[in-house]
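Hi,

Here is the structure I promised to pass on. Have a look at it first, and then read my notes below.

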Amino acid sequence: MTAHEIDYRIYGEEMQYVEIELDPQEGVIAEAGSFMMMDDGIKMETIFGDGSKNDSGFLGKILGAGKRILTGESLFMTAFYNTVVGKKNVSFASPYPGKIIPIDLTEFRGKFICQKDAFLCAAKGVSVGIEFSKKLGRGLFGGEGFIMQKLEGDGMAFVHAGGTMAKKVLQRGETLRVDTGCIVGFTQDIDYDIEFIGGIKNTIFGGEGLFFAKLQGPGTVYIQSLPFSRLAGRVLASAPQGGGKDKGEGSILGGLGNILDGDNRF
């Protein structure tokens with residue numbers, strides 16, 4: 001498996017985008033909806049699956065598309081090729097505030113496992129597949145279900161982390177406990193399981209869910225401070241309820257009521 005050798009540059013701080021530099025005939029694949037801009041001479045093509053050698057032939061393309069259905073992603077991916085002489089650029093944007101993480105698969109022995117919606121784009125030839133959980137507890141309570149994405153090959157891939165990203169390198173036997181939604185991805189040697197928080201007060205009143213993700217080394221783990229599910233939950237919680245009015249509207253104190261009661265709508 002030989003992926004195209006692409007160069008890249010990441011711009012921005014909190015709302016980042018990655019610019020991919022393509023030599024003639026080089027290509028990059030991306031999730032539908034992540035495209036930002038491209039130079040003249042770049043050809044865009046919608047494809048089934050990921051377009052890697054694993055998806056060659058009609059049956060391979062059908063299986064590749066089926067894998068994407070299982071991970072909850074779009075049936076299609078988009079490929080961008082440089083069809084002219086000279087270097088050309090194509091850019092992809094992160095879907096919400098956070099950081100874009102470059103993953104050189106050759107540094108991780110050709111495989112990286114990530115949550116379903118973390119993948120942004122990759123060099124043409126990188127395989128975007130599925131990773132089934134082999135443990136019942138992880139599948140039922142892990143937040144990502146039985147299925148995560150796996151990126152395989154020898155090229156560059158880019159994943160997105162919400163908020164601020166933390167990179168943890170775990171030694172053999174070293175353990176890290178993480179909120180299940182805060183995992184971006186990890187290397188293939190990491191042992192990933194689910195651990196019950198325990199304690200009646202923690203379970204009922206803790207507000208952090210019932211389970212931790214338990215990650216044990218050796219390997220590298222990427223953690224995000226703001227999972228999209230947490231961001232969406234806060235937005236929904238603060239949205240006006242019952243006819244579109246904020247709870248302070250129509251009250252005796254009006255807007256002053258919101259000042260007095262503080263930001264407790266979450």
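The largest nonpolar core has 39 residues, and Ile20 and Phe92 are those with the most contacts inside it. By nonpolar core I mean a set of buried Ala, Val, Leu, Ile, Met, Phe, Trp, Tyr and Cys residues joined through side-chain atoms within 4.5 Å; buried is under 20% relative accessible area, exposed over 50% and partly exposed in between, with a 1.4 Å probe and protein chains only. Apart from this core lies another, of 14 residues, including Leu170, Phe186, Ile190 and Ile223.

Please keep in mind that this is a predicted model: local features need pLDDT of at least 70, side-chain atom pairs count only at pLDDT 80 or more, and totals for chains, interfaces and linings use all residues. Residues are numbered from 1 along each chain as its sequence is written, and side-chain values use heavy atoms, with hydrogens and water left out.

Asn82 counts as buried because its relative accessible area is 0%. Its side chain reaches the backbone oxygen of Leu22 at 2.9 Å, a polar contact (a pair of N or O atoms within 3.5 Å; within protein, one must be able to donate a hydrogen and the other to accept it, and residues adjacent in sequence count only if both atoms are side-chain atoms).

Finally, the cysteines: Cys114 is buried at 0% relative accessibility, and Cys182 is buried at 8%.

Best wishes
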